[in-house]
Amino acid sequence: MSTVDLKGEVHDTSVLARAREIIENSPSPRIVQEEIVNAVSRNAIWRGSECLNLLAPEAPASPLVRQLLASEVGTRAAEGHIGSRQRWFAGTKYIDEIEALCVELLKKVFQANFADHRLVASMIGNMTVYSALTQPGDKIMTISQPFGGHSSNRMDGPAGVRGLHITDVPMDPIELTVDLEDFAKVARQVRPKLVTLGASLTLFPFPLKEMSAIVSEWGGKIFFDGAHQLGLIGGGQFQDPLREGACVMTGSAGKTFSGPQSGIIVWNDPELSVPITDAIFPTLAATHQVNRVAALAAAAAEFLAFGKDYMAQIAANAQALGKALHERGIRVLGDHKGYTRTHQVILDVRNYGGGYKVAERLAESNIITNKNLIPGDNAEDWDYPSGLRIGTTEVTRYGMKESEMEIIADLIARGVTEKDKPAVIKAKVLELRNSFTKLHYCYQD
Ligand SMILES: *Cc1c(COP(=O)(O)O)cnc(C)c1O
């Protein structure tokens, strides 16, 4: 076996060593390809049909969206804006059609004057906003990680890369939203150019209108990072940031919106079009994966037809799950406010070994969740936080309703409290999954 210098390697070196062994010991690269395909199949069987996938950032895309992701157009290059005059390459007449449909569908779903389809990730959408609306050295306010703030809006993400000075948005640990009184005080001192709202741990709406009125005193703006809530916003189940004072919204197309993993950005003010679009092309996007754009357009069309019902059921299921877990003695955040207004339910599992241990234990029973920082944790506790985050997007798309949330809560509670052995819970998970195999809220129903 050839030796590899592992100094500076960030990945688990034992996992990499196993991969190297396969590559070195395979008589032909073709055998290596088979190993890749086999791992994909094992994942499809296990995660795709045997697990209760409760990861909040995941959603099962419809069969058409998946099909389009593998389409021929994904091998084509189409740098530039829509229309042959503004493309770098010839041969884009059909690609223009696809991309124009995508842009116009996104505008319609989010009732926005402008939308862009070229963000291969929502992270890049956030970098776009910071590039377009701030200068290095500017002051901004964003939410800290224990309250759900995302790295993209902190020092270790695009906001930090842009050289911005970040002050925390004051949050209320009980109400789990912005502490408006404190915000007014701090913001009037800092006078941030931009305030970023939206979070990865997200249960309740933000006082956006009030905050917008405050920052407008010095010409500040609000940016809504709707990565998680994007579908809920489009489906009318959450607040409507663009109409409550946010000047721009980004979001992940593959979270509640249930499209291909990537990003979208929408805004209304024509003055923002040049700075935002210049930041996207030619700065942060070039070959922007037209197969993904086609899949995103198909997902947006599906969303127009089914989004409202789908998103309403996601939120209803999350509330039912929160209640059912609370009734089984598990600490659920926001219990005095109906647990949640989103797809998420957040558990405090510090008494059961913390988020990492509990998530690993549940995964042994084929219940997939994630460890999460919660208010009271320090940002440095990232590896071993007190919380567990659960999302209802996937189980809802498989047709589960409030009564199944009772069953899921029971399985989770038995796993968290170690009342049953993983094998016992796993058998029940398989039974439940086997009765829900068809995707809903799409035309392949
Ligand atoms: C997931 C997330 C992002 C990043 O989105 P990607 O689509 O994964 O790039 C940004 N902001 C928040 C709040 C998120 O939760």
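**A close look at the salt bridges**

Modeller: Start with Asp168: its relative accessibility is 37%, so this residue counts as partly exposed. Keep in mind that the model is predicted. The side chain of Asp168 meets that of Arg154 in a salt bridge, with 2.8 Å from N to O. This pair links distant parts of the chain, 14 residues apart. Arg154 lies in the loop between strand 3 (139-142) and helix 6 (158-161), while Asp168 belongs to strand 4 (residues 165-168). Now check the other partner. Arg154 has 11% relative accessibility. The cut-off for buried is under 20%, so Arg154 counts as buried.

Next, take Glu175 and Lys337. Their side chains also form a salt bridge, at 3.4 Å from N to O. Here the partners are 162 residues apart, and again distant parts of the chain are linked. Glu175 is in the loop between strand 5 (171-172) and strand 6 (177-178). Lys337 is in the loop between strand 11 (331-332) and strand 12 (344-348). Glu175 is partly exposed, at 29% relative accessibility. Lys337 is partly exposed too, at 23%.

Arg414 has 24% relative accessibility, so it counts as partly exposed. These two residues do not stand alone. Salt bridges link Arg328, Glu406, Asp410, Arg414 and Asp420 in a network.

Searching the whole structure gives 21 salt bridges.

Note on methods. Residues numbered from 1 in each chain as written. Predicted model: local features only at pLDDT ≥ 70, side-chain atom pairs only at ≥ 80, totals over all residues. Heavy atoms only, no water. Salt bridge = Lys/Arg side-chain N within 4 Å of Asp/Glu carboxyl O. Helix = DSSP H or I, 4+ residues; strand = E, 2+ residues; numbered from the N terminus. Buried < 20%, exposed > 50% of the residue type's maximum accessible area, 1.4 Å probe, protein only.
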